[in-house]
Amino acid sequence: RALGAKRATEAIESFRTAFLDGAAGRGVARDLAERVFEQLLAFGGYSFARSHAAAFAVLVYRSAWLKRYHPAAFFSALLNNQPMGFWNSSVLVNEARRLGMAVFPADVHLSVAGCRPEGGGIRLGLSLVKGMGEEHVARFLEERERGTFASLDDFCRRTRLGRRLVERLILAGAMDGWGMPRRELLWELGLLSYEENALDMTWERDEVDLPPLSAAEAMLAEQSVMGLSPGDHVMTFYRARLRKRGVLGSRELATCPSGRHIRAAGLLVVHQSPPTAKGFHFLTLEDEDGMINVIVRPAVYERFRRVIRGAQLLLVEGDAQREGMISNLLADKVTLLE
């Protein structure tokens, strides 16, 4: 019971004297008994009761079965119940794409509130767009039931959604269905007057030659309003230059021999420092092909603490480690990916 207690360290510590005396009474050397007790003390920080472990095993099995046989429904459900679990929405979307699923953007003509399976892939929901609450979605869907939105002007006048919210929908790609570039839609939005008491007037549209968003700009815009992008992973825009510099990705690291000194780069998606890890930090970097596990020793972390805590794109230099199917990178240096 002490091992699974909420304050396990204090609960286990109370048994130290009885444990050591009992071990001595059975002929166990004092130093060995102390080492065993210290292991129990450390284990108490993350041990599970048997009932908890059994219930967790059932959840893991069912999740694995759903991911294998109904992946689109599985990932849609996870996305609709964020925040939860270990991975954020962006990581889930990237994993779905790596598994071969198409991820379709949020669309004012096709999407509903939440994400849902569509054509073997996933259609993103409008609720992913920042500020798009239940009331906004309900008003929008009610209007769409009455008829298709013919244009941006038609959409704005019928839904009366706030200008900033419409701007986010444009940046998310939810209005790409009209065939107009996103910058042109933003320009047109600035010319519209569709408030409740506004006069029903139309304005002649200024002819302005606006360059379309680049793939990188579109991805960053989607990230800014949804926290994810259905398009290319950010690391794809760096890959050609990284290869020229000899910087590896997750795919190359997976086959890299143990002990080889390498450089690898990726997007920081997880940073862990368990209290039982004695000052070690564990980073998970993501690229378009998978994950890179990085182990940072205490001295290295102190040296590069500011970069690790403040940057999202990291370049890590160190030694590759392989044990069976598991690959890690033991970091010597961590810098910002310029």
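Why does Cys115 count as buried? Its relative accessible area is 6%, and buried means under 20%, so Cys115 falls within that class. The model you have here is a predicted one. Its protein chain holds 14 helices and eight strands. With a radius of gyration of 26 Å, well over the 20 Å that the globule rule gives for 338 residues, the chain is more spread out than a compact globule.

**Overall build**

- Taken along the principal axes, the box filled by the C-alpha atoms of the protein chain is roughly 95 × 50 × 35 Å.
- Buried residues make up 37% of the 338 in the protein chain.
- Among contacts with a separation of 6 or more, 53% link residues 24 or more positions apart.
- The protein chain exposes about 19,700 Å² of accessible surface, and carbon and sulfur atoms account for 54% of that.

**Nonpolar cores**

- In soluble globular proteins, nonpolar side chains tend to be buried together.
- Here the largest nonpolar core has 42 residues, and Leu124, Leu152, Phe155, Val166 and Met175 are those with the most contacts inside it.
- Elements giving two or more residues to this core are α5 (71-80), α6 (89-98), α7 (134-146), α8 (152-159), α9 (163-171), α10 (182-191) and α11 (215-226).
- Apart from this core lies another, of 22 residues, including Leu285, Val300, Leu314 and Ala331.
- Setting aside neighbours within four places in sequence, Leu124 is in contact with Leu79, Val93, Val103, Phe104, Pro105, Ala106, Ser111, Cys115, Leu228 and Pro230.

**Cysteines**

- A disulfide is a covalent bond between the sulfur atoms of two cysteines.
- Searching the whole structure for disulfides turns up zero.

**Strand β6 and its partners**

- Strand β6 (residues 290-296) is mostly covered, with five of its seven residues buried.
- On one pairing, β6 runs antiparallel to strand β5 (residues 281-287) over seven bridges.
- A hairpin of two linking residues joins β5 to β6, and Asp287 has Gly290 in β6 as its bridge partner.
- Another pairing of β6 is with strand β8 (residues 326-336), in the parallel sense and over three bridges.
- Within β8, Leu330 stands opposite Ile295.

Key:
Residues numbered from 1 in each chain as written. Predicted model: local features only at pLDDT ≥ 70, side-chain atom pairs only at ≥ 80, totals over all residues. Heavy atoms only, no water. Core = buried A, V, L, I, M, F, W, Y, C linked by side-chain atoms within 4.5 Å. Buried < 20%, exposed > 50% of the residue type's maximum accessible area, 1.4 Å probe, protein only. Helix = DSSP H or I, 4+ residues; strand = E, 2+ residues; numbered from the N terminus. Contact = heavy atoms within 4.5 Å. Disulfide = S-S within 2.5 Å. Rg over C-alpha atoms; globule rule 2.2 N^0.38 Å. Areas by Shrake-Rupley, 256 points an atom, 1.4 Å probe, with all protein chains shown as cover. Pairing = 2+ DSSP bridges.
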